[in-house]
Amino acid sequence: MSNNSANILDIKNIEVRYDNVILALHDVSLKVPKGKVVALLGANGAGKSTTLKAVSTMLASERGKVTNGSIEYDGNAIDKQTPSQMVGLGMVQVLEGRRCFGHLTVEENIISGAYSRKLSKGDINQELEKIYTYFIRLKERRKSQAAFTSGGEQQMIAVARAMMAKPKMLLLDEPTMGLAPQLVAEIFNIVKELNTKEGVSILLAEQNTNVALKNSDYGYIIETGRVMLDGTAESLLNDDKVKELYLGISKKGRKNFRDVLYEENLNKKSN
Amino acid sequence: MVDELLFFMEVLVGGLLAGTMYSLVALGFVLIFKASATFNFSQGAMVFFSVLAFCGFMQDFNIPFVLAFILAALLMVVVGLCTERLVLRPLMNASEDTVLMATIGLGYVLEGLAQAAWGVEVRRLDLGIGDFPVPWIADNLKLFISALDITAGLVAAIMIIGLFLLFKYTKIGLGLRAVADDAGAASSIGIPLKHIMLLVWSAAGVVALVAGCMWGARAGVQFALVDLALKALPVLIIGGFSSIPGAIIGGLIIGAVEKVLEVYIGPFFGGAIEGWAPYVLAIFFLLYRPEGLFGEKIIRRV
């Protein structure tokens, strides 16, 4: 299990189909360097969630399949693993929409994240206390039923629960969906903290391009199942096309990368 | 007047205690429903299969009572194991309806296996507990209550406490509750669904064995036990499909209501209304409280 390469995750040209028919990803390649935060950006239906689920092997439960290309995690190919095996290898996905266990208390939710680890009661409490240092808000609400906590708190529960599995890598699927700007900042602060203090590598799917890039090292922009552009977070933030299409600083009426590429091709031909 | 009141009490208590036997059957359904959101149509067959095996061990192989019970319980764990491996795992990502149909098939397989192995004749099961009024209670309280009913009540109480402790305070219990809430999220954090499935099917098997012993002692160990499990349906509708306390209370309500109605209203219908009265009650619940008394409401924040 020694992995000397600098990347904890290396996705090479994957193609994903649902029900053997519906082509969700055409060709996605991306790398997550160890200890870095990488943002996967794109609109609804671009293939962000599908990419994350391909990595965590959660695709199977939605009748999806990687039909081409390869995924390498920590130096080993991923193909036949089950989601719980992936968790054992240190890869945990925080699903879109938080997905807390509504009838369990906040604390039970978080503890459930340690299920795959063989820990004594004392160890669990110790880990729990450590987790609470990142999620102070949750400690106050530890005895509440999770379904009755706010959206921001539920997102924190979902991340805290994933952290209890002691991941080397976290996959966050739209962690700020539907949250107020202040909470978005709070969530991202925690994510950054987990990244720097716990050394967790992070791949996060977001629609909130601006905030995501400001908190990431590297970014990929995907559209209709293809990577359209990638670069360091800084370069993407300053890229004219990204500004226009994703940050809403628009001069022309172009809506996506396909339009941009089409126009560029036209210009080339006319020259 | 006092005599009438005593008679009513007797009917009521008898009904409540008989209801615990329904509760025991319903308990098996709840366990599986919690984990896989599927109504397990093979639960009745599991009752029949387990208690027939128990009788077979005792009567055909002369194995002592306790050992035979343990063997039958182990057999049910093996059945749970095979069910997980051969039926549920291949259907892991299939829809709930598919799993539902599979449980119907599983029921037929179990019924067939049981009869192929142990024969088709009705067997007598003697638990050493008579199905006649306890003299002490008859003398002192002037109530005629069957010893078997009282035993069933005690057994149901013990099982309920045991299951409650298992779910509330153990790791696998936490896993089960997590899966019951959101199986996808549970697998995303590494809770292996197959362990949970194995647990609930084995537990449901053992519960089926206990229920089968109680019913077998009363009515004989026979094929009719399979259909008896259907009585659990109104119990579950009233109690809630996903609630263990619900299964118990639902069973008590069905037991009490059907006996009281039978005695006091039955004559107006020419008797034998206990067969259908529970279903009428269930229809009212479906109309006015579809999640049952204790079923988990879908919590939605607004």
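**View 1. Chain B read from end to end.** Along its sequence, chain B follows the pattern α-α-α-α-α-α-α-α-α-α-α-α-α. That comes to 13 helices and zero strands, where helices (H or I, at least four residues) and strands (E, at least two) are DSSP runs numbered from the N terminus. This is a predicted model, in which local features need pLDDT of at least 70 and side-chain atom pairs count only at pLDDT 80 or more, while totals for chains, interfaces and linings use all residues. To find your way around, note that residues are numbered from 1 along each chain as its sequence is written, and that chains are lettered from A and ligands numbered from 1 in the order in which they are written.

The C-alpha trace of chain B spans about 65 × 60 × 35 Å along its principal axes. A compact globule of 302 residues would have a radius of gyration near 19 Å, and the 20 Å of chain B agrees with that (the radius is taken over C-alpha atoms, and the globule rule is 2.2 Å times the number of residues to the power 0.38). Of the 302 residues in chain B, 47% are buried; a residue is buried if 20 or more other C-beta atoms lie within 10 Å of its own, exposed if 12 or fewer, and partly exposed in between, with C-beta atoms placed from the backbone.

View 2. How many of the eleven residues of helix H7 (residues 171–181) of chain B are buried? Eight are, so H7(B) is largely enclosed by the rest of the structure. Among them are Leu174(B), Leu176(B) and Val179(B). The cover over the buried residues includes helix H3 (106–112) of chain A, along with helix H1 (2–36), helix H6 (147–169), helix H8 (183–188) and helix H9 (193–219) of chain B.

**View 3. Helices H11 and H13 of chain B side by side.** Two packed helices are described by the angle between their axes and the distance between the axes. Helix H11 (residues 232–239) and helix H13 (residues 277–288) of chain B pack at about 30 degrees, with axes 9 Å apart. These two helices are therefore roughly parallel to each other, a label for angles under 35 degrees. On the H11(B) side, the contact is made by Pro234(B), Ile237(B) and Ile238(B), and the H13(B) side includes Tyr279(B), Leu281(B) and Phe285(B); contact means C-beta atoms, placed from the backbone, within 7 Å. By class, the residues of this contact divide into nine nonpolar, no polar and no charged.

**View 4. Where chain A meets chain B.** The contact takes 28 residues from chain A and 19 residues from chain B. On the side of chain A that touches chain B, helix H2 (83–88), strand S6 (91–94), H3 and helix H6 (151–163) of chain A each supply at least two residues. The largest share, four residues, comes from H2(A).

View 5. Chain A has eleven helices and ten strands, and 44% of its 271 residues are buried. Asn125(A) sits in helix H4 (residues 121–134) of chain A. Is Asn125(A) buried or exposed? Asn125(A) counts as exposed, because it has 12 C-beta neighbours inside 10 Å. Asn125(A) and Ile111(A) are 14 residues apart in sequence and 8.8 Å apart in space, C-alpha to C-alpha.

Technical notes: Two residues are in contact if their C-beta atoms, placed from the backbone, lie within 7 Å. Axes are lines fitted to C-alpha atoms, for helices over the stretch in contact, and angles run from 0 to 180 degrees between N-to-C directions. Angles under 35 degrees count as roughly parallel, over 145 as roughly antiparallel, 65 to 115 as roughly perpendicular and the rest as oblique. Ala, Val, Leu, Ile, Met, Phe, Trp, Tyr, Cys and Pro count as nonpolar, Asp, Glu, Lys and Arg as charged, and the others, Gly among them, as polar.
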